[in-house]
Amino acid sequence: MRSEDTRDDPGFTDEGADALQNVGLLRSGLKLNHLRMILAIEEHKQVSAAADVLNISQPAASRMLTDMETILKAQLCERAARGVTLTAAGRALARRARAILLELREVDRELSALKSGTGGSVFLGSVTAPAISLAVPAIKQVSAAYPGIEVNVRVETSNVLARELLDAKQDFIIARVPDDLNPRLFDVTEIGIEKACLIVRKGHPLTEKPVVQLTDLPHYDWVFQSAGTLLRRRIEELFIAAGVPLPSTVVNTSSILLTTAIVHGSNAIAPVARDMATFIADVGAQAGEIRILNTDFEIDIKPYSLISVKGRALPPSAKLLYDLIWQRSQTLSPE
């Protein structure tokens, strides 16, 4: 019988299942580093990259892979055009490895909470806009009511956060499921639409215009997120649809701090989440010398959601923060 974890994998075979079920992992010689290795190979699709993640040499990584295949009596990887891909047995082992490492992390968190007498810790990832409008107020509530809870927040793109969620580096995320990941891996609750705007420095020539049009923009430097991110694609779509040339001088960075610094010290334009732009423009220090351009077009991004891994229960502290964020999202939803 196949486990629930493997039913949705069209490439998984009974042979692959038997290779894992008949091994007896406790007696097989598999080690935690073996489990970390198979997950690194799954993510990076190269043995050399997996070796870098584990801080070992490539020959050592290759020997580790051979050891795993010998122990399991199953091929775990096969060569692809640019590296390697996991076989059905390899994908099954990766799923088990992820669950095992997650459980060990939860044990560590629970023991740490018991030793310190605190309420545990939460790992949350978020894209920029809801980090400001939803996560920060919810964290404030949690910290006031349960001062022993430690909240760890990472602000990144959805592509990065979704993979970290699958790797159990986050308890849940506020983001979007990337197009290249199987949506059936996640529980997704849509909670809002991200709006963006364009920011410039105080005194920028464009601040003198009552309304800025797309045709006013290509002549300036731009600060973008990396190619392929949703906000950048949306801006590029606006230019293309209007028949306006794309900006030619571009700095790429995912850092909002660096983005603000570049904009503050030049005539560059940057698209950012409106919640973040409003926060920066209102802080009053040098970073507050930022202005939001009044444009004749809207910059709406795809809806974002509360996302967790299907079948993976949230720890109590994470569930508390999750519920507070959801409740706040309902109060901010348009009528």
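Me: Which residues of helix 5 do N33, H34, M37, I38 and I41 of helix 3 meet?

Reply: This is a predicted model, where local features need pLDDT of at least 70, side-chain atom pairs count only at pLDDT 80 or more, and totals for chains, interfaces and linings use all residues. Residues are numbered from 1 along each chain as its sequence is written, and side-chain values use heavy atoms, with hydrogens and water left out. Helices here are DSSP runs (H or I, at least four residues) numbered from the N terminus, and a contact means heavy atoms within 4.5 Å. On the helix 5 side, the partners are A61, M64, L65, D67, M68 and I71.

Me: How do the residues of this contact divide by class?

Reply: Ala, Val, Leu, Ile, Met, Phe, Trp, Tyr, Cys and Pro count as nonpolar, Asp, Glu, Lys and Arg as charged, and the others, Gly among them, as polar. For helix 3 with helix 5, that gives eight nonpolar, two polar and one charged.

Me: Are helix 3 and helix 5 roughly parallel or roughly perpendicular?

Reply: Axes are lines fitted to C-alpha atoms over the stretch in contact, and angles run from 0 to 180 degrees between N-to-C directions. Helix 3 (residues 32-44) and helix 5 (residues 58-72) pack at about 110°, with axes 10 Å apart. Angles of 65 to 115 degrees count as roughly perpendicular, and under 35 as roughly parallel. The two helices are therefore roughly perpendicular.

Me: Is I41 buried or exposed?

Reply: I41 is found in helix 3 and, beyond four places in sequence, touches Q46, A50, L65, C77, V84 and L86. Buried means under 20% relative accessible area, exposed over 50% (1.4 Å probe, protein chains only). At 1% relative accessibility, I41 therefore counts as buried.

Technical notes. Parallel < 35°, antiparallel > 145°, perpendicular 65-115°, else oblique.
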